[in-house]
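Dear colleague,

Here is the structure I said I would pass on. Please open it alongside this note.

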Amino acid sequence: MSQAGLDLRNAAEFAIDYARKQGADQSELSLHQGTGISITARQQELETVEKHNDAQLVISVYKDKKTGSASSADMSELGIKSTVDAAMSIARYTGADDCFGLADADRMAGKALELDLHHEWQANEAQMLEIAMRCEQAAIEHSEQITNSEGASVNTYSGSAVYANSHGFLSEGLGSQHSVSCSVIGSNESGMQRDYWYDSNRNAEKLDSAEKIGLVAAKRTLARLGARQIPSCEATVMYDSGVAKSLISHFVGAIKGGAIYKKASFMLDKIGSDVLPEFVTIAENPHKLGASGSAWHDGEGVETPEYRAIVDAGRLQSYVLGSYTARKLGLESTANAGGVRNLTVSNTGQSTEKLLQEMGSGLLVTELIGSGINMVTGDYSRGAAGFWVENGEIQYPVEEITVAGNLLDMYQNIVAIGDDYDMRGSTECGSIVIENMTIAGS
Amino acid sequence: MNQDHLSIAQATLLEPSGLSDTHLQQLMHKLTNVDGSDFADLYFQYSKHESWSLDEGQVKTGSFNIDQGVGLRSIVGEKTAFAYSEDLNASAILAAADVVSAIGRQGQNVTSQDLWRPQIIKPLYSELDPVAALDDASKVAILEQADRAARDHDPRVKEVMASLSGVYEVVLIVTSDGRQIPDVRPLVRLNVSVIVEQNGKRERGSMGGGGRHSFDYFDTAIIEHYSHEAVRQALVSLEAIDSPAGTMEVVLGSGWPGILLHEAVGHGLEGDFNRKGTSAFSGRIGEKVASELCTVVDDGTIANRRGSLSVDDEGNQTKDTVLIENGILKGYMQDEHNARLMGMDITGNGRRESFAHLPMPRMTNTYMHAGQHDPEEIIKSVKNGLYAVNFGGGQVDITSGKFVFSSSEAYLIEDGKITAPVKGATLIGNGPEAMQTISMVGNDMSLDSGVGVCGKDGQSVPVGVGQPTLKMDALTVGGVQL
């Protein structure tokens, strides 16, 4: 169990070497080790302190076009050996597939890039607690209608990771992620409502202030008091920038190689088709400095591009592929093993207010719940909460409704995307306005 | 038999790194050596997980994982300090204990135990390691059989994706009040999903199940049932028309649709939310929160069920806890911490995803007792409505009480008859209000097949649900057809 014996690089080299000796044709592994602290304050008192200390080794082996994988937290020599043995044992029973194996050697990333991914947070627990208390206090003091709290949390994580494979590729890097969040409850004669806000960043100095996060949480909560159902109707729906990202995430899910080769996607055979209006471009920026999704190679060591348009002027350019799914489809890997890295969605130039004005009347959605999406057909139906808008102005909060359509139609029916980007996380997207959606309510 | 569990737990978790009772005493001293310490525990866990998956007619991937470690927790009033160690050597665990004890001022030693009393609790499942008990070739054969059963069932089946997973867990819980509780927990699951195609139109269907069994639970009859059921659902979906949108009478089938109870009432009755007063059900014990036809329980004591536990993750025996009786709210689901702070009884609902996570009140198997009506009679009573029999996931906003759950197989009811299948739609309601509109409850109570996973605060645990066929007089159906 001891991690003291080997550093990550040595552990990786030892594992690859041992796998070769055990008869693996190829092997690859990822290792990570990290520490973190989570502190929650509630009602202006410390509620929980959690210390995290994680380590994980994941290894995949390939032999005679078969594969097996195994993982463990045990990075001792003995632990690594038994993990490799377990993977080799599995590879005896799986079926052969010519598409298995490492990504092609000539695609391995050449030179490590400094992408500004690691900023250890020097705050100690007392300082983190103080930040959480200030955050919650700002929310509570904002209004007497903030009557209860689920607390404010401060989280910090910092770790190192290694990816290595039997082509001789090995990368080692450090990364960090920090966040502050707050969730409060408001109440009046109409009942209770809860909402939250958060910020996250690799660099704690770039986080919004604790007070601002608390204040936004309080304002969002108060705005929901008195929410009601509206009658079922067809209407224009504006997804605010926080929830608009989910539409991009469904899109990416539908063009992933795994879904495509299994014919389990509503985006099948859409390469070269106009799947979005002409004003929409979705680009991947894997080298963006300091961004949460940045990396100079993908999960198989393949060099990531600095920029790639997945959708260019509405037209789908390519799927999202790792080496296995690329080979299944007779295509080249798009360096997306492990997912997409930092998406930016283009905008049509309007602010939030301008979008509301242009919409005139319709529904502004600020929260979605449930997962009623059929990825084979694109049928979409989710629970929603938000605000009814008339004459470009918010009228009253709305809840206990659903928004429904088919994703293929919904993407075509996008009429505007705001410049009000939500910069948190790895997708940057403004509010999205979609016409002709069905709202179910009373 | 419990003695077996204790020896398995000690052999798996303590003996390899030479941990003795003296070490445990030392650890517990550190955890309780805090001013005002109320409770502390150690959660030793070994977990072995194996999974295999098939597509394109062959088992392509398999993975194997071993995790072990110990979680250390100390509670002072409403404050909790927590750390864990993946290293089970005494020095590493003691270092983690130092981190935990730094939470409060050092005080005088609270009562600390020299000897732990092993708890005798009757196990609800076998102590067999399902991963080791069956050879790999036979596991692969289960998936291949599922693939064949689906493809042979209908030529429109174009793709079959199946997965098989087995978990073997050994835990040992050591508490500051002098208990030492072992548990040995198997868990298996098989899932089959298919893609069918007809005239260029594709649809999906899926079915699965399992429980705290070994893999021999998946005999030919069960494998074929899952495969045929996945195909049937996919073929029904091929014919589905747009779902209606709006508020209407909704009949929910028996079994898995019990996810209604999990979302609409279950989460809202977990002790932590109610202690903090953040649930739509807070402070409402004794009030009528559902129609008088509704009796809802959380029962962790059903043998071999996916959601069952002989003891919870705090070493307390699970119970059959009445949450709602004839419509009246009777009680909450509690763990140690929240029960103590609320002055209520522990219900054995303290659960955690692993040693690296803090326990909290969680559901086990949540279901509604059977009622009087023949299910057919319930359908006949509906003029225009929806009959929903299969669901995907759900979610709830604890504070406002708004819950959703997404149907994957549903039909129109017209003039008391089930007619056209409709596409999946999300159903949405307010927990306490929706439960009041239940006007008929069937005599066909059944539990789900054993696939539930519940997420809370980023922690996943296996759960079960169940219910009889029931009718809600008004629920909002999130279709597209106005």
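Predicted model: local features only at pLDDT ≥ 70, side-chain atom pairs only at ≥ 80, totals over all residues.

Chain A holds nine helices and 17 strands. Its radius of gyration is 24 Å, close to the 22 Å that the globule rule gives for 442 residues, so chain A is as compact as a globular protein of that length. Along the principal axes, its C-alpha atoms fill a box of roughly 70 × 55 × 35 Å. Of the 442 residues, 52% count as buried. Among contacts between residues at least 6 apart in the sequence of chain A, 73% join residues at least 24 apart.

Helix H8 of chain A covers residues 352-359, and its buried residues are A:Leu355, A:Leu356 and A:Met359. Viewed down the helix axis, these fall within an arc of 100°, so they line one face of H8(A). They pack against several strands of chain A, including S7 (233-239), S12 (362-373) and S17 (432-440). Just after the helix, A:Gly360 takes a positive phi of about 75°.

As for the two chains, 66 residues of chain B are in contact with 56 residues of chain A. Strand S2 (residues 58-76) of chain B gives the largest share of the chain B side, ten residues. By class, that side has 24 nonpolar, 25 polar and 17 charged residues.

Regards

Terms used: Residues numbered from 1 in each chain as written. Chains lettered and ligands numbered in written order. Contact = placed C-beta atoms within 7 Å. Helix = DSSP H or I, 4+ residues; strand = E, 2+ residues; numbered from the N terminus. Nonpolar A, V, L, I, M, F, W, Y, C, P; charged D, E, K, R; others polar. Buried ≥ 20, exposed ≤ 12 C-beta atoms within 10 Å, placed from the backbone. Arc of directions from axis to C-beta. Rg over C-alpha atoms; globule rule 2.2 N^0.38 Å.
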